[in-house]
Amino acid sequence: MHRRIAETIASHGAVEQHVEWLAHHFALAAEHERAAPYALASGDAARALHAYEDAGAWYERAAQSFGNPLEAAAALVRAGLMHVFSNRVERALALYASASDAYERAACYDDAIAARVMAAGAMHDNGRFDDAIALLCETNERFGEHARRSVRDRLLVRLGFLYAFARRTDEAWAVAQTIAGETLEAATALAAEANFLRSALHAQRAEVVHWRVHLERGLEIFDRIGALPDNIRAALGNAGLQALSLGESSLAHEYQTRALQLARSLNSGVDYESLVMAEIELRRGNLSAAHALSEAPYGPAKFIARVQRTLVMVTLALLRGDGALESLVDAELLDESIKGGQQAATIKLSTAYASLYEVLGRRSEANRLLRRASEMISTTYDMGTPIVTIARLRPGLMVNLRPMIDRAARRPGDRVSQALLSLLDASQARQRGDSGAALEAGRRAAAQLSALEWPVIAAYAYEIAGDEKNAREAYRKLGAHGELRRIERDRTRKGAAWQSPSLLTSRERELARVIADGKSNRAAASALSVSEKAVEKHLTSIYAKLGMRSRAQLVAYVAARLNEES
């Protein structure tokens, strides 16, 4: 009966309107070979409506119905992609693995590689960098010599990108060097991707001219061959982040505007591209625009989008001074990042959460996160905000980062590292009590950061240098009311500590004045008729109460308080 129903529907024409019925009735009639193409067509129809979960289910039914194992494997690959789109990643990975095994049994190594590349992409998007890299390395060793050169080059391009995203730049360059030279020059999608890889690696070395050359070459190839709009969108989005990391903020905004427009027209990647635009607007000091972008309702997101949203929401909450700060700490997300080998995300989340904990008075937790981040940072690329956060909250941790920043700042085109070096000079001058040098370096850093269109970080530079007046004015212009209130709370707390016996004892105030006069611990102990151990104990207490980390800070603080009293 089911076969007759299906054949009757098919005989009346307009088959494309009834593909689901045909797939259903032929399957119930055990006519699986006849059901398979209609199940495939039903998947295509669901995909066109962005009903990705339904599309995945139809493609899986098609795979089960095909008698030809290669047709079944192709349907499994389609199903895997749909499950990625609907956030069912583990199911997708299982299907990609089944497809790859089927292709390998048939000695179709090119197709086996393609299935594994898609699986690695799904792992990457969900924070599993180490797993993705391991899979592609194993794929290259297992199938590379059997594959066509173009297929192997595609595999190498993807592996190079994974190394680049993991900030393993040297390994990425080694992979890029093995890609055939003619691949870069051809008018193919692979040539565009190979140029985008070179562009990403030049960005990590702050080689701005070469970055732009390969980027524009890749985009020009995409335009010439009529690349899929979603691929163009992804390339533009990556370009936006790279431009931002290089301090090319206007260019970042231009690229990201195009990426977001494409995402909206395709209804693909809108959440992530909106959040990237929010980060760009934040870096450029447009808090209202960033807030509007972050307010949009977001559905279930991939790991990278979740990280992006968390970083934007934390930064906005701190700058604007609104929101329940503690609720923004997503410990599970940080754990995922650490386990997945996502070094950049781990550093960024650690420093963002440390900023929250610092405001909440949870200094030991902030210390732990900042120490971890400082030990992980190995490049200034895309690390501007974390480095500034460490310099602002725990300047003592910057000592180990100084050689790396020094080396990067010597690169002629690395304006970001040069600004970070000036900021570090300000921080270290202030720590040793040289307020004049601190102000000079801080203002130089602020000017360099303003030239990058990073006004929020420029304001932090003033604050790090001890130039509270200019920091306040900068925060006021930005509408960063949260930072203004934080400065006021710090001043009130420190002023109260000086005046109130419940915070600083009379003995602690007396010792602070003696230390401010330039006396050593031994001389202070003699002047106050106490032991050196007592002096050390009192100083530790003073530092903790005032939130200080050095003798020079205490000297500057006492001078300011005595000036206020006079």
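The largest nonpolar core here takes in 158 residues, and Ile405 and Leu449 have the most contacts inside it. A nonpolar core is a set of buried Ala, Val, Leu, Ile, Met, Phe, Trp, Tyr and Cys residues joined through side-chain atoms within 4.5 Å. Keep in mind that this is a predicted model: local features need pLDDT of at least 70, side-chain atom pairs count only at pLDDT 80 or more, and totals for chains, interfaces and linings use all residues. Residues are numbered from 1 along each chain as its sequence is written, and side-chain values use heavy atoms, with hydrogens and water left out.

- Leu449 is in contact (heavy atoms within 4.5 Å) with Ala419, Leu423, Trp454, Ile457, Ala458 and Ala461, leaving aside its neighbours within four places in sequence.
- Apart from that core lies another, of 17 residues, with Ala512, Leu539, Leu546 and Tyr557 among them.

**Overall build**
- The secondary structure comes to 32 helices and 0 strands; these are DSSP runs numbered from the N terminus, with helices being H or I of at least four residues and strands E of at least two.
- The C-alpha trace spans about 105 × 50 × 40 Å along its principal axes.
- Of the 566 residues, 50% are buried, where buried means under 20% relative accessible area, exposed over 50% and partly exposed in between (1.4 Å probe, protein chains only).
- Take the contacts between residues at least 6 apart in sequence: 58% of them join residues at least 24 apart.

**Helices α16 and α18**
- Helix α16 (residues 270–283) packs with helix α18 (residues 303–320) at an angle of about 35°, their axes 9 Å apart.
- From α16, the contact draws on Tyr272, Leu275, Val276, Ala278, Glu279 and Leu282, while α18 brings Ile304, Ala305, Gln308, Arg309, Val312, Thr315, Leu316 and Leu319.
- Axes are lines fitted to C-alpha atoms, for helices over the stretch in contact, and angles run from 0 to 180 degrees between N-to-C directions.

**Ala73**
- Ala73 sits in helix α5 (residues 69–85) and is buried, with a relative accessible area of 1%.
- Not counting residues up to four places away in sequence, Ala73 touches Ala99, Ala102 and Tyr103.
- Ala73 and Tyr462 are 389 residues apart along the chain, and their C-alpha atoms are separated by 60 Å.
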